[in-house]
Amino acid sequence: MAKVSKDKIYIFVAVQLLRKIAFPFSLVYSLVVRIRNFLFDTGVLSSKSFTTPTICVGNLSVGGTGKTPMVEYLIGLLQMRHRVAVLSRGYKRRSKGFVLASAGSGVEDLGDEPYQIYAKFPAIAVAVDADRQHGISVLEQTEKPGLIILDDALQHRRVEAGLNILLTAYGKLYTDDWCLPTGNLRDNKREAKRAKVIIVTKCPPDLSGSEKREITKKLKPEAHQKVFFSCLDYDNMAKGTEGKTEPMHFFMEKKASLVTGIADPMPLVDHLKKQGVVLNHFRFGDHHFFTEAELKMLDSEPCILTTEKDFVRLKGKIKNLYYIQVKHRFLNGGASLLEEELEAFMRQGS
């Protein structure tokens, strides 16, 4: 890993200072969000529920909690027993309106995360629509799913999901955060009450029972809520184009570079360090669409290791490209308990 330059340190300090200066704007943002939620809670603004069971996977922050791997985890868990569809907004896509993924779809049509899901699960219906009400209605008419998973829709109050799953990252709990722009919360902390399931993601694999109890105490779950803990489980082989796979030491030998365009790349960086893999890191913003100049620069590198989300945006544009797949792994029997919770919900909705 290249040393952090003084310029980057100065930029980091300046950003943190600006966030503190922007605290009055956070108060205004928080007030606006509270008023909006109050209008939905009191029925002044209406929410719509649907006949098809809907599970919403979301968070209260601006990203970095592992929503896409969690959606994939739920698909893998439920697709054998239920006809699953996924509906996302399709953030930063270049298409408009409702789009149903097909063999001819690309990242520009769907957005990187929905495209990643479709590439991994081509047998299920994956659609994007900024208007979730409209998207669900079209899916019900055309695909007739038995279950719709809503990706990142907790703030989309016009739809009342049957089951809300709230993700919050270990070490960055929403209870310790503040609203934008001072903090990273895009919604008020009290909106956690709408979740039936709270999952603390990115935990250390050896998280102790005492620390779990301390975190649960911080979250203050209500009687109807259940708290689960998961860690990130990285594949020990990197995947490339045409089915190629390579072990981690391959990238040290090749003097590869790490490229990330996700909200929080540090868990991956820490994982690589623990594996003894130290790479030059090119860090870009979340959902970054690479320019021609950036692609040319990356293509000059001997080898690129990246995330699965970045891989779908870079595939076919640079050579010698590989990604590390990541999954959620639940701690202390949480997987079976979550499965019981999901199946109880499905029985209730059927």
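Mentor: An open sheet is built from 9 strands in the order 3-4-2-5-1-6-7-8-15, with mixed pairing. Strands here are DSSP runs of E with at least two residues, helices are DSSP runs of H or I with at least four residues, and both are numbered from the N terminus. Two strands count as paired if DSSP finds at least two bridges between them. At the edges lie strand 3 (99-100) and strand 15 (326-330), each pairing on one side only.

This is a predicted model: local features need pLDDT of at least 70, side-chain atom pairs count only at pLDDT 80 or more, and totals for chains, interfaces and linings use all residues. Residues are numbered from 1 along each chain as its sequence is written, and side-chain values use heavy atoms, with hydrogens and water left out.

Now look at strands 6 and 7. They run parallel and are joined by 5 bridges. A169 has T201 in strand 7 as its bridge partner.

Helix 7 lies across strand 6, strand 7 and strand 8 (226-234). Contact here means heavy atoms within 4.5 Å. Helix 7 runs at about 125° to strand 8. For such angles, axes are lines fitted to C-alpha atoms, for helices over the stretch in contact, and the values run from 0 to 180 degrees between N-to-C directions.

Helix 7 also carries a charged link. Side chains of opposite charge can pair when their charged atoms come close. K218 forms a salt bridge with D176, with 3.3 Å between the closest N and O atoms. K218 sits in helix 7 (residues 209-219) and D176 in the loop between strand 6 (163-169) and strand 7 (197-201), so the pair ties together parts 42 residues apart in sequence. The rule asks for a side-chain nitrogen of Lys or Arg within 4 Å of a carboxyl oxygen of Asp or Glu. By that rule the count is 22 salt bridges.

Strand 11 (residues 257-260) and strand 13 (residues 304-307) run parallel, joined by 3 bridges. There, V259 stands opposite T306 in strand 13.

Overall, the protein has 12 helices and 15 strands.
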